[in-house]
Amino acid sequence: MDKDKIIIKGARVNNLKDVYLELPKNKLIVFSGLSGSGKSSLAFETIFAEGQRRYVESLSPYARQFLGQMEKPDVDEITGLSPAIAIDQKAHSHNPRSTVATLTEIYDYLRVLYARIGKPFCPECGREIKKMSVEEMVGSIQKHAKKTGTEYVTIIAPIIRGRKGEYFQLLQDLFQQGFSEARIDGKKVSLREKVELKRYGAHNIDVVIDKVFLMDDEKTGLSAGQSRLFEAVETALDKGKGLVAAIFGDKNRETNDEEILYSAHWTCPNDGFSFPEIEPRLFSFNSPYGACETCHGIGHDFFDQTKVCPSCKGARLKNEVLSIKLHGKNINEVVSLTIDNAYEFFIELEDKLSENEKLIAKNVLKEISSRLEFLLEVGLEYISLSRESGTLSGGEAQRIRLASQIGSKLSGTLYVLDEPTIGLHERDNERLLKILKHLRDYGNTLIVVEHDERVLQDSDYFVDIGPGPGIHGGKIVKAGILKELGTKNKDSGSLTIDYLTGRKKIEIPDVRRHKEKGSIKITGASANNIKNLNVEIPLGKFVCVTGVSGSGKSTLMENIFCKNVQKKIGGFTNLEDVAKISGTEYVRRIIEVDQSPIGKSPRSNPATYTGVFTPIRNLFEMLPEAKERAYKSGRFSFNVPSTRGGGRCEACEGAGVKIIEMHFLPDVLVKCDVCRGKRFSKETLEVKYKGKSIADVLDMTVEEAHNLFGDIYQINDILKVLKDVGLGYIKLGQSATTLSGGEAQRIKLAKELARPTMRNAVFVLDEPTTGLHFEDVKMLLEVIQKLVEKGNTVILIEHNMHVIKTADYIIDMGPEGGSGGGRIIAQGTPEEVAKVKESYTGKYLKKYLN
């Protein structure tokens, strides 16, 4: 067996046709090919799935029971496989407690840093807090007793704080040392009696040191118990490891007594405020010791995220925790910084630390700085560390996970990545490539599913899968070192290589549209990093909004343009984030086509979403077998129950699968044992069109269905549009939850295109070329140009230079991301933008215009 290779034999997952492939280890390998050709089937569903399955199989039976049974991919054999990690674009955590800082482990290191060298300030008077001596504590207790007229003070020592255990031996030891009383979980107990605690419950245990009478002697003016108090405080500090609490109140009364905590470490002598022990968990918004008690650490109302917590003002932590600072900033202020500003903060911080602090913080600062560097290298400088994971785009989340893997410094691992360049400007692709090569140089193998030209050219090993999509794909077209596989004057047999060598190309239009058809003028726009911006967007043209990641493209088009133009068209006057908008009288409708799922339920699919399932069901209703049985169109819907004339399988209620509740384990989906995943009853499936049942139709690809229903225009018009946007390979009944963001977006576009011909509509699409091969991009551009020819406006937020070069008009934002962006750097035709020296888009666009 060749130890330097991964060898795949007989892969047949989805459309793969008995694939045999040898891949070199410790190389940057790129899989390319048309959409639906089988790239993800081979990379994720075969190679990664088998690597993950083998890892789970190697675990103990106890561990495996929590991970579930993993099905073996349909492949004869894979040899030379390393432990595998997938870094894909699938949904990331929507837990409001998950942030960029927690995802990258930066927050864990920040908690340690603040616990070790943070400077506490009194939250009441703002004074820096120093450690208190025994004399200062005794003086403070006496002063407070006199002020409140308290005769007795009980001195206690905190022993255990929020820890699990029975503590039988500890309590027995305390009794043998002469202590007779303790306070456990807020209740006083006698140590003379046996105390039983729940083993797995978290407990607070304080030992009562002494009860001291504090009234002054009338003759001497001195407290009769001063020496006794001094001794009690010393003993408490010893037992409580630097902490002591004083309870002020009558000797025989326990309710409503005031309790003050003192620390040999951090107590304010001005007003007596004491910090508990400053440790990492104090800075965790997931721990009751640090989290704001009002919002429990999420920073806002649980049901309404727009309502900021009134106590912590969105900072998530208790007020006293926010009073611990480094270089003038508390931990929340640091995580509120963007990544580039945070990096600068820590570079400056190192220079301002004392020699002792540098020694303590050296390793922690190194970990924080290196992680920030990796985030900068993957083009995420504009994102704040406090940003919630659920608000990240798929590309941003993937690059954060990529940066985290670099920080882990693993070697001997197989990484499988899904289009890591998504959402990146061409300028940032160079930095991403550097990261990928860095990961490879640690001794790892990288398999990257990618269409970006620069990544393909820089690969160590290239695999082209195809030759076409769906049933026309699933074969290895070319595999090897790219430079050796094809030249410009040689027929390569590979569409990908033909585009890379220039044999095929996406042509620049002979003429740009210059005819004036009105424009929408935006005045005084301000949102996120956009400040008082004026911009004019031409109508009746193909417009591209460009710029580096975080420059303000989405803010301009989604938050400002779409939202307010919709309002103006609807007759509303309450505009948001803008002073004035004019020119909307030329627009009949705004159609925003984003990458959100077409449905959250597995029942939702392309057939139901586009509406093509309705004429298909109507067709089945008209078939002779259906008429004989008096079946109506509802009979062929998997959502209509049998009690209302539906023909679905009632065992699974038309889902095709059953959910098995595993109680403490994740629910498991298993194929329905009655209909075998067909969704319909046996009687319903007996009705057939050209030998195909309704279940067979749902299992067809768009292309197969297009051929089946060739003479029925009500069905085929919709299917043709799906084909035109490059989705001929998806199945009509494919679950919405299995579609990528790019596929969902193109399905939405197809739905709009299938409507009766419209004019004066504005289509806004955010990176529609996501997941598209050169050939697919060419097809999509043809669709876009037809839309504009019909009298509509199409606006794309886009990074793909092959698309940008074909636009009639470009609005380029920047120059940088975050606070360094939000301005218009260049606007005009591609040729005009290419001449603007300050424009990164213009710089890279030049070579595509030649």
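Predicted model: local features only at pLDDT ≥ 70, side-chain atom pairs only at ≥ 80, totals over all residues.
One of the bridge partners here is Val212 in strand 10, which answers to Val153.

Let me now step back to the chain as a whole. The protein chain contains 28 helices and 29 strands. Its C-alpha trace spans about 115 × 65 × 65 Å along the principal axes. How many of the 850 residues count as buried? The share is 53%. As for contacts with a separation of 6 or more, 68% of them are between residues 24 or more positions apart.

The order is 20-19-22, and the pairing is antiparallel. Which strands stand at the edges? They are strand 20, residues 530-538, and strand 22, residues 580-582; each has a single partner strand, so one side of each is left without a neighbour in the sheet. From one strand to the next, the twist averages 15°.

Strand 19, residues 519-527, is joined to strand 22 by 3 bridges, and the two run antiparallel. There, Lys521 stands opposite Ser582 of strand 22. On the subject of strands in general, side chains in a regular strand alternate between the two faces of the sheet.

A helix also belongs to this picture. Helix 16, residues 553-569, lies across strand 19, strand 20 and strand 22, and runs at about 120° to strand 19. Helix 16 likewise lies across strands of another sheet, namely strand 21, strand 23, strand 26, strand 27 and strand 28. Relative to strand 23, helix 16 runs at about 145°.

That other sheet is open and has 6 strands, in the order 23-26-27-21-28-29, with mixed pairing. At its edges stand strand 23, residues 589-593, and strand 29, residues 823-828; since each has a single partner strand, one side of each is left without a neighbour in the sheet. Ignoring direction, neighbouring strands of this sheet are turned by 15° against each other on average.

Inside this sheet, strand 26, residues 761-766, and strand 27, residues 793-797, run parallel and are joined by 5 bridges. Asp766, for instance, has Ile797 in strand 27 as its bridge partner.

My last topic is empty space. Rolling a probe the size of a water molecule over the atoms shows where such space is left. Across the whole structure, a search finds 1 cavity of 30 Å³ or more. The largest cavity holds about 30 Å³ of space.

What lines the largest cavity? The lining consists of Val548, Asp812, Met813, Gly814, Pro815, Ile825, Glu838, Ser839, Tyr840 and Thr841. By class, these are 5 nonpolar, 3 polar and 2 charged residues. Two elements each supply at least two residues of the lining: strand 28, residues 809-814, and helix 28, residues 840-849. Strand 28 gives the most, with 3 residues.

Thank you for your attention.

Note on methods. Residues numbered from 1 in each chain as written. Heavy atoms only, no water. Pairing = 2+ DSSP bridges. Helix = DSSP H or I, 4+ residues; strand = E, 2+ residues; numbered from the N terminus. Axes fitted to C-alpha atoms, helices over the stretch in contact; angles between N-to-C directions. Contact = heavy atoms within 4.5 Å. 1 Å grid on protein atoms, 1.4 Å probe; cavity = no way out; pocket = protein on both sides within 12 Å on 5 of 7 lines; lining within 4 Å. Points joined across faces, edges and corners; volume = space filled by probe spheres on them. Nonpolar A, V, L, I, M, F, W, Y, C, P; charged D, E, K, R; others polar. Buried < 20%, exposed > 50% of the residue type's maximum accessible area, 1.4 Å probe, protein only.
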